[in-house]
Amino acid sequence: MPFVLLYLVVEIVALVALGSAIGLGWTLLVLLAGSVLGLWLARREGVRAAQALAEAVSNRRVAHSELTDGLLVAAGGVLLFVPGLVTDLAGLLLVLPPTRALVRRRLVRAAERRSPGLRSARIRSQGPVVDGVVVDDVDERTGDRPSHDGRVSEGRVSEGRVIEGTVVPGPGER
C-alpha cells in the first residue's frame, strides 16, 4: 500500500509541474503522444525481440540477452499502459534499444552477483564448446609418435591433435 501511495504522489506532482509549465492542453497532448508512441515502439521492439529469440533458438544459442530484451519490452509496455507521466517515461526508456541495453547489463550483473553460476553459464554460452575426448597421437604399444600428415577420416583435428577421430595414414605409411 505505501508503494501505491508513493506512486500516486509522484505522478500527481509530475503532472502538476508539467501542467503549470506548459498548460493543461499541452500536458494532455504530451500524455497522449507519449502513450501512442510508446505502445507503437513496444509493439515494434516486441516483434524484434521475438524474432531475435526465434533466431537464437534455431541457431542453438543460449538466448539470455534476447529473453531479457523481451522481458524488458514487456515491462515497458505494461508501464506505458498504466496512466501517468512518470510511468510513460519509464516505459519509453525500457522500450528504446539503447536504454534497454543499459538496463539489461545492470540486471545481468545484479543477477550474476546473487548467483555466480549464472556468470559461468553466460561465459560458456558465448563460445563453442568441444564435447569429446582428446586422443593423443602416440602409439600405445611402442610409445612412438607415428608420422602422419594429419588427415582425419572421421572426426576433427584441433591444434594438431585428433579429437574423436581416426587418423588416415599418409602416403608411404601403409
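This is a predicted model: local features need pLDDT of at least 70, side-chain atom pairs count only at pLDDT 80 or more; totals for chains, interfaces and linings use all residues.

Guide: Gladly! Val 4 counts as partly exposed because its relative accessibility is 47%.

Now to the salt bridges, of which the structure holds six. One of them joins the side chains of Glu 45 and Arg 48, at 3.4 Å from N to O. These two residues sit three apart in helix 2 (residues 24-58), so about one helical turn separates them. Glu 45 is buried, at 3% relative accessibility, while Arg 48 is partly exposed, with a relative accessible area of 46%.

Another salt bridge pairs Glu 66 with Arg 61, and their closest N and O atoms are 3.5 Å apart. Here Glu 66 counts as buried at 11% relative accessibility, and Arg 61 is partly exposed at 42%.

Next, please look at Asp 69 and Arg 104, whose side chains meet in a salt bridge of 2.6 Å, N to O. Asp 69 belongs to helix 3 (residues 64-81) and Arg 104 to helix 5 (residues 97-114), so this pair ties together parts that lie 35 residues apart in sequence. Asp 69 counts as buried, with 16% relative accessibility, and Arg 104 counts as buried too, with 18%.

Finally, shared partners link salt bridges into one network, made up of Arg 44, Glu 45, Arg 48, Asp 69, Arg 100 and Arg 104.

Terms used:
Residues are numbered from 1 along each chain as its sequence is written. Side-chain values use heavy atoms; hydrogens and water are left out. Buried means under 20% relative accessible area, exposed over 50%, partly exposed in between (1.4 Å probe, protein chains only). A salt bridge is a side-chain nitrogen of Lys or Arg within 4 Å of a carboxyl oxygen of Asp or Glu. Helices (H or I, at least four residues) and strands (E, at least two) are DSSP runs, numbered from the N terminus.
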